[in-house]
Amino acid sequence: MTSPAVMATLQVVVLVLVAAGAVLVVRTRERVRLVIALSVYGMLLAILFFVFQAPDVTLSELAVGAIALPLILLLAIAKVRKPE
Amino acid sequence: MSQLFPLSVAVPLLVAAGLLAFRPLLRGKRQVRGLVAVAASVSAAVMLLVLTLRTGAGSAYWFAGFHPSGGVAIGIDFTAGPLNAGLACLGAVLMTASLIFAWRYFTQVGTYFHVLMLTFLAGMTGFCLAGDVFDLFVWFELMGVSAYALTAYRPEERGPIQGGLNFAITNSVGAYLSLTGIAMIYGRTGALNMAQISRYVATHPTSGLVVIGFLLIITGLLVKAAIVPFHFWLADAHAVAPTPVCVLFSGVMVELGLYGIARMYWSVFGAALGHRAAISHVFLALGVLTAVVGALYCFRERHVKRLLAFSTISHAGMFLVGFALLTPLGLAGAALAVLAHGFVKGALFLGAGIVLHRLHSVNETYLHGRGKHLRLTGVMFTLAALGLADLPPFGTFLGKGWITDSADAVAGGPWLAAVFCACSVLTAGAVLRVAGGVFYGFGDPPGEDTRMAAEANEEKGESESGRQRTPLTMLVPTGVLVLLGLASGVAALLPRCAAAFESAAARFQDQQAYASLVLGGAHPASPVPLYPQVPADVTAASVITALCSVAGAILLALTALYWRRLPVLRKGYEPGTGLREVIESFQSGVINDYITWLVTGVAALGGILALIIR
Amino acid sequence: MTPKLRLWLFAIAAAGLVACYLWAFGGLPGFGNYPGPYGPEILKRAIPETNATGVVSAINFDYRGFDTIGEEFILFAAAAGMSVVLRRLRGEREQQQDRSPADEVMNRNVPPTSSPLRVATLVLVGPTALLGWWLATHAQTNPSGGFQGGVILASALMLVYLSGESIAFRRFSPVDLLDAAEAMGAGGFAAVGLAAIVQGLPFLDNYLPLGSSPGTVTSSGTIALISFLVGIEVAAAFILIVGELLEQTLLRQVRREGKS
Amino acid sequence: MQVFPFLVVAWIVIVGLYGLITSRDLIHQIVCLIVVQSSTYVLLLGVGYVTGGVAPYFYDIGRRALAVDPVVQALALTDVVVEAAVTALLLSLAVQAHKRFGTLDPHDLAEFKG
């Protein structure tokens, strides 16, 4: 068992990373990079949920936020790519 | 009877799943699919009607039998009283009408159409009956997702795609803010059940958390209810959704948002917010603003479906006024007006659908005089338009009459009646102008309009073409809805029925009765109402107001049709021409603007509530 | 509105929104001090009442199972909605033989997958599918459930696509079958609820035997059954969603292979 | 630490909304909507956290252990599904919009004005 103090520090660190991740996603305007940023953000959220003691949500967020959604996004982006 | 609660939601869902599961077998069997969907919708309507008439003082149902213990809700409940079950029933009736109308309407009705309509119905019913805030959010989202997809049912055109996107993004932002509010409230009260939250917040000092929680939860509902400045998406979506779907959007979905606001206020936060006159005034102002803005936009519109959509915004404002008065009579009036408006507006949209089906356009200018051979449709459309103008005995007349009667007893009565009258004149005048021009060829033939030609071709894909007769499956639902609009008003003239409306509204407003119904426990005597009670009655003032608005609407319609012959207006004046840029800068169709207005609206309301409550 | 005006209006509004949030957060008990009573009450009852040691699953599929029905049908409606929105696009593709320049660009951008990678990915399919299956059937004991299991089952099939075997993907995912599977999953959930009514019990009542001891795979009655149905629904819905977006690419590949 | 997670929630909402209103690309807007929604997960799990609590799974630990609130986790799970569903539907609309309008700039998508 981790002590509450260690846990709290861990939570603050991950929260800061998530806050920065949100900015990263929103600031990225190029589409393919956007998907990568979103995937990273999903991963960060999953870690956050893990340190919030929610393994169930962690697993869903990993499956959806970090894998499925980026995949769907990539497919959609492939379809709307402009002819050069 | 209690099993009707889950069945009214589960039956449409199960039939939707069944239709999809057997899709390969049902390919090409259009009649079977239609029949199954209509049967599901009718059975939901019957179940909800039984619930409406039999619930009496209201009843609660606990899913999986998890009854609350010691005032703590363990599971999820449905509650039904005459008002919310009745609203759900209205949804099911309109759903039935529009499914029948859609029978011969589309060139191809895929299974997906019926599937989405039924999930939409289940979402609406679940939303009406939910007694748990998170459950409310879930059904709200089901209703939303089905509605977004239905809006874009004709994806080969540009309008539906753009309308669907604006609808989906604006509503999603609203829904997520609602969820934020739910989470905040849960963080303090540890409860999701409405009755349990209400007991907590009523017995603890009102903090900013409660005020903002309330505000954020109703944000999603304000968006759904199209209250200014959250309303921009509505015209984009309603103008382009398939006409049978518009019936549901305008007739009941917008009103569901208003119902949600009333539910949140009366069953959860009312006592904590203190039933103050100041809060009543905030909602009154929002309602009046919405009514006026909607009416003005409505009158200048030439796209018939969009015109009807703006008239819905205007009416949503008037219904909000009925709620904002915080009196039983005001709420009863709003309930009756919602019921009658649902029928009348549904009939108008179906009429527009017939016009689109036969004449392949919904542009008023293009259609001028082209609908003369659609006699029956013309009569029904005109009748429904007069219903919108509050012609006695349509239910709209008495509903709005009760609201203004109630306002008389509160504050600024005549002033509010004047606003109502003006908005009815503008919206009904616009619809009567359409009726007169399209079906009777009144007025001067319009000049050539470049925009018109483009829009005339806009909607060709929606409907079967080359039909020389209007199918009965289209005429009958339209006629039935007009008759129901009349019947609701005639019924409300009976003193017994009027009293039932008012007592149902009074019960809806009794927060402690709701809490003890759901969680058990003593039911303390109702507190003294904020405003004096007025019995529901047909007053001279309401009859005069209604007749004024009918006369005004007819006059305005004739003026609008013959304006070129009037000396004052002859100089090529077109209503709203000078303001075109200003008007377009608001209703810009750009999603970024809509979100900005949404955030601005929330912040402004938050500021005002903070000033009131502190 | 001009972008600049919009930004100014938003800046003011956002400041107001943040103020609202802060005002509200002031009323929350501090982080880590969840006051209850809902959570503790459920924690107290869940294991004795349901024999499920995964309390979150017990809530999702039993205490608040009705929410989950709504949630499954949201996914169901979204998949149906995607079929509606993208259907004409597909129809047009099949009719029009002329290709747009965008297609040509995309054609070039489909990289051929190397054989070792292909084999490696295909090898992963089995374990991934197994993992998904395990997750979907162990909701009652472990931090898992139908939803996670379903997504991972779906990603097993996506791996087939990633390995370049898109024709195989198509063969594995005929739309009718997937629609049927999805409808069975979601409809089955509703039917499990209805079966309780037939027995005179409240909707969604947990009427199956709960098993002898908590924490075993056969424990927890309808929770395990519902989780399994949700798994089917979610897997089918995700494959459908991905399939809808893939359709165009696949058609082109079918055509190309037909030519060669 | 008392309010810090909640401050992050407010931050994420504002960042996401900022992206939504400044974006000129529908795909980017949809991603920003995901960011706005992600704030609700953080808030939900944040309000249900109990200092020193463990995850609410009692397979291999004592049943009396202090646990975090399981209800918010169930709600967050539902929320994740809603996110996936809405995003998928929005993306299909965006794909069609690109097909019909030839662009994904929301300013050029306005079909009706006024």
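Modeller: What follows covers a helix pair, then a single helix. The model is predicted, so local features need pLDDT of at least 70 and side-chain atom pairs pLDDT 80 or more, while totals for chains, interfaces and linings use all residues. Residues are numbered from 1 along each chain as written, with chains lettered from A and ligands numbered from 1 in written order.

In chain B, the axes (lines fitted to C-alpha atoms over the stretch in contact, angles 0 to 180 degrees between N-to-C directions) of α4 (82-102) and α14 (328-359) come within 11 Å and cross at roughly 10 degrees. Helices here are DSSP runs of H or I, at least four residues. α4(B) and α14(B) are therefore roughly parallel, the term for angles under 35 degrees. Contact means backbone-placed C-beta atoms within 7 Å; α4(B) contributes Leu83(B), Leu90(B), Leu94(B), Ala97(B) and Phe101(B), while α14(B) contributes Ala335(B), Leu339(B), Gly342(B), Gly346(B), Leu350(B) and Gly353(B). These residues divide into 8 nonpolar, 3 polar and no charged, with Gly classed as polar.

In chain C, the 13 residues of α2 (38-50) should span 18 Å, and the end C-alpha atoms are 17 Å apart, which agrees; the expected span is 1.5 Å times one less than the residue count. α2(C) has a kink of about 30 degrees at Lys44(C), shortly before Pro48(C); the bend compares axes of the seven residues ending there and the seven starting there. Its buried residues (20 or more other C-beta atoms within 10 Å) are Tyr38(C), Gly39(C), Ile42(C), Leu43(C), Ala46(C) and Thr50(C). Just after α2(C), Asn51(C) takes a positive phi of about 60 degrees.

Technical notes
Helix = DSSP H or I, 4+ residues; strand = E, 2+ residues; numbered from the N terminus. Parallel < 35°, antiparallel > 145°, perpendicular 65-115°, else oblique. Contact = placed C-beta atoms within 7 Å. Buried ≥ 20, exposed ≤ 12 C-beta atoms within 10 Å, placed from the backbone.
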